[in-house]
Amino acid sequence: MTSFTRLDVPDVVLIQPKRHGDERGYFCETYKKSDFDAFGIDTVFVQDNESLSRQVGVVRGLHFQTPPFAQAKLVRAVRGAIFDVAVDIRRGSPSFGAWVSATLSAERGEQLLVPHGFAHGFCTLEPDTIVAYKVDAPYAPANDAGILWDDPAIGIEWPVAAEAAILSAKDRVQPKLEDYATPFTL
């Protein structure tokens, strides 16, 4: 049976699918709607995405989409490992600006559910890491948004030094949370 654990910001959930193994390897159900429904997660996923990061220290994020195309994400490492982060960007939330993290590895198979109203990002911990994630809304370029990955007001304790982080040009210049008029409210 899949196990579900609420993190310090309880809307973010760490999920551990049960693996059935033998000398050949293992089998697991990475997503089973009835298990998610039983835990109270009724997200309907509509798209799967995958990324490859060749180097250790690649940081992707902090990304989100604005309404009406906000996305919940179910994230896992298919190869390698990541330090995965969710930041609460819902104005009026008691945890506004707070972040939670989990290490997700292909070896252990953990997944992180990042709900609407959270910015998401990760840092690769191994070379040639592949990350796959389900989303509950299609990609909408006009609703693509982000927050600066190393915003000091958020204070994420990334496993890579700022000068060693490998970032896209877009992620280097995202606004700080205080400068972003987030459309998410409670």
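I began with L167, which I found in the loop between β13 (144-146) and α2. A reminder to myself: this is a predicted model.

Is L167 buried or exposed? L167 has 13% relative accessibility, so I put it down as buried, the cut-off being under 20%. Leaving aside its neighbours within four places in sequence, I listed its contacts as V59, W149 and R172. I also checked L167 against A132, which is 35 residues away along the chain; their C-alpha atoms are 19 Å apart.

Next I went to Q174, in the segment after α2. Its relative accessible area is 13%, so Q174 also goes in my notes as buried. With neighbours within four places in sequence set aside, Q174 touches H63, G146, I147 and L148.

Then I turned to the pockets. Which residues lie nearest the centre of the largest pocket? I noted R60, H63, K73, Y133 and K170, out of 23 lining residues.

At least two residues each come from β5 (47-53), β6 (59-65), β11 (118-124) and α2 (169-172). The most come from β6, which gives 5 residues. Sorted by class, the lining has 8 nonpolar, 9 polar and 6 charged residues.

The second largest pocket has a volume of about 170 Å³. Among the residues that line it I wrote down R6, D11, G40, T43, H116 and D136. Its lining splits into 5 nonpolar, 3 polar and 4 charged residues.

I looked at one of them, F83 with W158: the ring centres are 5.8 Å apart and the planes stand at 65 degrees, so I call the pair edge-to-face. F83 belongs to strand β8 (residues 81-88) and W158 to the loop between β13 and α2, so this pair ties together parts 75 residues apart in sequence. That loop is also where I found L167. Both F83 and W158 are buried.

I also came across one aromatic cluster, formed by F4, Y31, F36, F39 and F45. To finish, I looked at R19 and Y26: the charged end of R19 sits over the ring of Y26, at 3.8 Å from the ring's centre.

Conventions: Residues are numbered from 1 along each chain as its sequence is written. This is a predicted model: local features need pLDDT of at least 70, side-chain atom pairs count only at pLDDT 80 or more; totals for chains, interfaces and linings use all residues. Side-chain values use heavy atoms; hydrogens and water are left out. On a 1 Å grid over the protein atoms alone, a cavity is a set of points where a 1.4 Å probe fits but cannot get out, and a pocket is an open set with protein on both sides within 12 Å along at least five of seven lines; lining residues have an atom within 4 Å of a point. Helices (H or I, at least four residues) and strands (E, at least two) are DSSP runs, numbered from the N terminus. Ala, Val, Leu, Ile, Met, Phe, Trp, Tyr, Cys and Pro count as nonpolar, Asp, Glu, Lys and Arg as charged, and the others, Gly among them, as polar. Grid points are joined across faces, edges and corners, and a volume is the space filled by probe spheres set on the points. Buried means under 20% relative accessible area, exposed over 50%, partly exposed in between (1.4 Å probe, protein chains only). Contact means heavy atoms within 4.5 Å. Rings of Phe, Tyr and Trp (its six-membered ring) pair if their centres lie within 6.5 Å; planes under 30 degrees apart count as stacked, over 60 as edge-to-face and the rest as tilted. A charge sits over a ring if NZ of Lys or CZ of Arg is within 6 Å of the ring centre and within 35 degrees of the ring normal.
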